[in-house]
Amino acid sequence: MNNNIFQFERVGKLIGRTFRQNSKTLLNNTLVLAGLPILFLLIARLTSNEGPALLFRSNFLAFTVGVIFIFSPFFYFYFYNHPKKGLSEVMLPASMLEKFAVMQMVCMISAPLMVLVFLGGSDALMTLLFPKYQDGYAIVHFFNNRLTTEGVLLAFLSLQAVFFANLFFVRRKILKSIASFIVINMVLSILIIALIKGLDVLGFLEGYEGSVGYKGDINISYGDRGLFDFYRGDHPLMIFMMILRLFMEMVLPILLMLGSYRLMKTNRY
């Protein structure tokens, strides 16, 4: 019996359609990504006797992966909910769950993978071809030194926020998204600072120092703590900040995903 909610065959067709629709953009991006390491090597050789530094190349790879990963909904699905241009997406013979799954997979897997393969691969090729002028592999340094659990979780939260904003706003999405993120961040920061300062005035933060450092100014450091590393004897403020951290990095992305799916199901043209 056919499942009208989710079929892998339809998902595969949707993924293929997404890449075909964005074929020109993908080709241009591929050429740019593959050409950047060559450009970096040429500029370095023309301006100095040394090749581009490994740290610079690794940082640039990390920055590019992050930007493409976070803003991929704008790159691939900018017109999804457009009153006119989005009609073709709505009329596709696929369930909403399938469309949502494809959009998430393209953003989370295909977009960053493209950067790693072409930018990281081209960088590695330059190192192999010209070992006298360029040493080390940016992609290896990236995975060993730049890729962290905390960074991945924050990038995932940012992606889901952009994903939701891309569906929530219809026109001027990028401008409205950036403006809303700034306002929300400012409001949350003000509320948290006001709460901490209020607790300080009331005397609840006396003796709050050491690993999280309270000496006149509030200085909270998680150190090597994981998301679920709650310790006996933790100050209530540390417990509050750990819960807030857990909410922001685990719960909120899931809520944003559910909200995005809800928007897709209830959107009317």
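**Exercise 1.** How much space lies in the largest pocket? Then find its lining.

*Solution.* This is a predicted model, so local features need pLDDT of at least 70 and side-chain atom pairs pLDDT 80 or more, while totals for chains, interfaces and linings use all residues. Residues are numbered from 1 along each chain as its sequence is written, and side-chain values use heavy atoms, without hydrogens and water.

Step 1. The largest pocket holds about 800 Å³ of space. A pocket is an open set of points on a 1 Å grid where a 1.4 Å probe fits, with protein on both sides within 12 Å along at least five of seven lines; lining residues have an atom within 4 Å of a point.

Step 2. Its lining counts 25 residues, and nearest the centre lie Leu157, Ile184, Leu188, Met248 and Leu252.

Step 3. Two or more lining residues come from each of α7 (149–168), α8 (173–201) and α9 (236–266). Helices are DSSP runs (H or I, at least four residues).

**Exercise 2.** Which helix gives the largest share of the lining of the second largest pocket?

*Solution.* Step 1. About 520 Å³ of space lies there. Step 2. Of the 21 lining residues, Val65, Leu147, Gly151, Val152 and Ala155 lie nearest the centre. Step 3. The largest share is seven residues, from α3.

**Exercise 3.** At what angle do α2 and α3 pack?

*Solution.* Step 1. Helix α2 (residues 23–47) and helix α3 (residues 54–77) pack at about 170 degrees, axes 13 Å apart. Step 2. Therefore α2 is roughly antiparallel to α3 (angles over 145 degrees). Step 3. Leu26, Leu33, Leu36 and Phe40 in α2 meet Phe56, Phe60, Thr64 and Tyr76 in α3 (heavy atoms within 4.5 Å).

Terms used. Axes fitted to C-alpha atoms, helices over the stretch in contact; angles between N-to-C directions. Parallel < 35°, antiparallel > 145°, perpendicular 65-115°, else oblique. Points joined across faces, edges and corners; volume = space filled by probe spheres on them.
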